[in-house]
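Student: I am new to this structure. Could you take me closely through one part of it?

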Amino acid sequence: MTPSFISLALVFALGAVGVAMLLCAWRLVRGPTLPDRVLALDTLYVNVVAFVVLLGIQQGTGLYFEAALLIALLGFVSTVALGRYLQRGDVIE
Amino acid sequence: MNHLEQLPAAWQAVIIVMLLVGGVFALVGGIGLVRFRDFYMRLHAPTKATTLGVGGVLLASMAASAAQGTWSVAELLITLFIFVTAPVSANLLAQAALHRREPSVAPPPPEQPLR
């Protein structure tokens, strides 16, 4: 039996987000400046949210959304903390 | 994924379009993050990944759960949260890069006469 269009689209989206995560990781390792690395980490968090939501669609369960929300929250907080550290030299004055 | 193949064809088309849009824009954001030349250009690329990429995937998820009869609000929460927080973090990173005087490949602005 041939796979249906919707499962092919799901596999395509999972692959595209996975490749985007790999590119972000490359920039995170390579990045010449520190803000580049923080930006790559922020983008990596956003892509992980998309990946987790795609897994939730694929398995038909709503359990993944709490995980995605938590990852989004932690990503924002960590990006703000790192950006503040780059700007001021410490996180909490 | 049997539960998705049993949905009506119109819902399946909506979900497929949203998935393709989300995947393509996430990929474009990643490629831009790698290919652009300095930090201020790279700051531009992931905004596409955050708005249209994650937005498309979350809309596909909302359509999938709506087609199965249960409207869920969690996806909308994630979308709102990411849309609110992405400009804040981008602004903070731009401020940090300017503060650290990161190099830019943009030419300096032309001299303006004093008025």
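Student: At what angle do helix 2 of chain A and helix 3 of chain A pack, and how far apart are their axes?

Tutor: First, some ground rules. This is a predicted model, where local features need pLDDT of at least 70, side-chain atom pairs count only at pLDDT 80 or more, and totals for chains, interfaces and linings use all residues. Residues are numbered from 1 along each chain as its sequence is written, while chains are lettered from A and ligands numbered from 1 in the order in which they are written.

Now the helices. A helix here is a DSSP run of H or I with at least four residues, numbered from the N terminus. Helix 2 of chain A and helix 3 of chain A pack at about 175 degrees, and their axes are 9 Å apart. Axes are lines fitted to C-alpha atoms over the stretch in contact, and angles run from 0 to 180 degrees between N-to-C directions. The two helices are therefore roughly antiparallel (over 145 degrees; under 35 is roughly parallel). Their contact has 19 nonpolar, 4 polar and 1 charged residues. Nonpolar means Ala, Val, Leu, Ile, Met, Phe, Trp, Tyr, Cys and Pro; charged means Asp, Glu, Lys and Arg; the others, Gly among them, are polar.

Helix 2 of chain A also faces chain B. Across the two chains, 45 residues of chain A are in contact with 49 residues of chain B (C-beta atoms, placed from the backbone, within 7 Å). Helix 1 (5–30), helix 2 (34–59) and helix 3 (64–88) of chain A each supply at least two residues of the side that touches chain B. Helix 2 gives the most, with 16 residues. That side of chain A divides into 30 nonpolar, 12 polar and 3 charged residues.

Next, the partner. The axes of helix 2 of chain A and helix 4 (residues 45–67) of chain B come within 9 Å and cross at roughly 15 degrees. That makes these two helices roughly parallel. The residues that meet include Val53(A), Gly56(A) and Ile57(A) from helix 2 of chain A, and Val57(B), Ser61(B) and Ala64(B) from helix 4 of chain B. This contact divides into 14 nonpolar, 6 polar and 1 charged residues.

Finish with Ser61(B), in helix 4 of chain B. Ser61(B) counts as buried because it has 28 C-beta neighbours inside 10 Å (the cut-off is 20 or more other C-beta atoms within 10 Å). Leaving out residues up to four places away in sequence, Ser61(B) touches Val53(A), Gly56(A), Ile57(A) and Glu75(B).

Methods. Angles under 35 degrees count as roughly parallel, over 145 as roughly antiparallel, 65 to 115 as roughly perpendicular and the rest as oblique. A residue is buried if 20 or more other C-beta atoms lie within 10 Å of its own, exposed if 12 or fewer, and partly exposed in between; C-beta atoms are placed from the backbone.
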